[in-house]
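The tour below goes through aromatic rings, one selection at a time.

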Amino acid sequence: MSTVNLGFENNLWEMADKLRGNIEASEYKHVVLGLIFLKYISDAFEERYNELVAEGEGFEEDIDAYTEVNVFYVPKEARWDYIKANAKQPTIGQIIDEAMIAIEKENASLKGVLPKNYARPEIDKTKLGELIDLFSFKVGDKEARAQDVLGRVYEYFLGKFGSSEGEFYTPPSIVKLLVEMIEPYKGRVYDPCCGSGGMFVQSQRFVEEHSGRKDDIHIFGQEYTATTWRLCKMNLAIRGIDGNLGERDADTFSNDLHKTLKADYILANPPFNIKDWGANRLVDDVRWKYGMPPAGNANYAWIQHIISKLSPNGVAGFVMANGAMSTNTTSEAEIRKNIIEDKLVDCIITLPPNLFYNVTIPACLWFLTRNKKSDGRDRSNEILFIDARKMGTMIDRKHRELDYETEIKYIADTYHRWKKGEGYEDIKGFCKSATLDEVRSHEYILTPGRYVGIEEKADDGEPFDEKMTRLTGELAEMFAKRKSLEDEIRKRLGAIGYDF
């Protein structure tokens with residue numbers, strides 16, 4: 001998420017939040033984000049339309065003149081000026097629904113993606129009209145695209161919705177850390193539970209920031225919830241990212257939409273500790289190479305699904321509940337042991353609390369690779385452990401963020417130095433390069449705290465006896481002050497008749 005607000009996001013959010021009324025937040029987000037998306041494609045269309053009018057060759061209503069420059073064609077009844085002109089009409093909800101239908105009809109890639117429920121009675125049409133009036137700024141023309149106005153508004157809103165929901169939104173600092181760690185420069189990027197598509201957006205940013213092209217990476221994803229799948233499609237569309245999310249929403253375990261995929265990079269934030277994941281229907285699944293995951297917890301099903309998708313040089317980074325690092329249930333402990341012995345585990349990071357919006361379960365990051373001889377050094381018999389529990393800053397009473405410059409880059413640089421064998425050293429309380437023998441001696445438990453030790457405190461040079469004399473003197477002084485304060489309080493209360 002951008003750390004710099006554009007100045008109107010909060011006003012926009014407050015106005016949009018008033019519109020909600022009695023609509024569930026899980027549904028309401030699609031109402032608002034759909035409207036933002038409509039404004040974006042209408043702005044981009046209008047700019048291209050005016051260019052074509054200026055050229056004077058009569059192609060302003062030719063669909064091909066838009067698709068050739070990656071702009072969605074918007075029919076007359078769906079253009080923002082028409083919608084804004086009708087914003088005060090009681091039928092505005094129906095007008096927007098019809099606009100969404102018309103856009104999908106003209107743009108095959110958006111078929112079944114846009115929300116079409118603005119006419120429902122629960123939506124206050126007066127407030128909906130006021131919200132439309134508020135969208136007076138450009139989000140889709142060239143200047144706005146250069147500033148990533150829509151992306152920033154979209155992420156601001158996703159973050160705000162994440163504060164109340166969270167299930168489809170991975171906090172930006174975690175996504176940035178995952179991306180900085182695995183460095184998806186070029187190749188196939190896969191997310192088996194892609195939510196609103198944040199991993200893809202950040203991967204694209206990473207490529208562009210390192211002088212690559214957005215088409216250097218190829219996106220593959222899958223999402224279980226239909227409304228969130230549509231949200232992801234819209235999120236990718238506004239960024240101009242061409243992603244393969246399958247024909248529709250589907251369950252990754254029972255209906256893998258990318259069966260033959262071997263990905264170069266896998267980024268994921270699977271739902272934690274899912275109980276009913278359909279284990280009984282998948283007993284002989286080829287993905288369970290390291291053991292059958294327990295029916296009551298999907299964590300090791302996710303881990304093995306991710307491993308099954310890795311290319312020969314593939315790297316995976318994903319979020320996992322802390323319990324997965326140390327669970328000693330027979331099946332999970334055996335799977336973990338087998339994965340470690342197959343030399344797939346590269347790095348484990350424990351995260352600080354309060355990073356997620358509605359998940360209080362402690363979390364960690366796992367990094368797996370099929371090739372531990374990459375980056376010029378054979379690290380097959382080593383695992384890097386990083387304890388980042390003390391990092392991050394509270395941005396409000398409930399939420400913490402990792403700073404990009406001082407924390408995310410520091411963690412990622414530590415990992416890359418370790419991989420290359422250049423300038424890495426163990427730091428007590430923070431990082432430790434452990435051998436497989438050490439991990440075996442800890443019964444294959446992967447909790448970093450077991451390996452990194454306790455942070456060494458700097459020696460202040462004061463001799464112990466002198467320090468104790470000083471500290472006990474300070475304590476005696478505090479006790480004396482406390483006694484003096486107690487006597488003063490008793491005296492004053494006694495003066496007004498409250499002896500005790």
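A residue counts as buried when its relative accessible area is under 20%. F45, at 2% relative accessibility, therefore counts as buried. The model is a predicted one.

The structure holds 15 aromatic pairs. In the pair of F45 and Y66, the ring centres are 4.6 Å apart and the planes meet at 20°; since planes under 30 degrees apart count as stacked, this pair is stacked. Now colour by secondary structure: F45 belongs to helix α2 (residues 25-55) and Y66 to helix α3 (residues 64-67), so the contact ties together parts that are 21 residues apart in sequence.

**Next: F385 and Y451.** Both residues are buried. Their ring centres lie 4.1 Å apart with the planes at 10°, so this pair is stacked. F385 is in strand β8 (residues 382-387) and Y451 in helix α16 (residues 449-452); the pair links distant parts of the chain, 66 residues apart.

**Last stop: R377 and W418.** Select both side chains and look at the ring of W418. What sits over the ring of W418? The charged end of R377 does, at 5.3 Å from the ring centre.

Notes:
Residues numbered from 1 in each chain as written. Predicted model: local features only at pLDDT ≥ 70, side-chain atom pairs only at ≥ 80, totals over all residues. Heavy atoms only, no water. Phe/Tyr/Trp six-rings, centres within 6.5 Å; stacked < 30°, edge-to-face > 60°. Helix = DSSP H or I, 4+ residues; strand = E, 2+ residues; numbered from the N terminus. Buried < 20%, exposed > 50% of the residue type's maximum accessible area, 1.4 Å probe, protein only. Lys NZ or Arg CZ within 6 Å of the ring centre and 35° of its normal.
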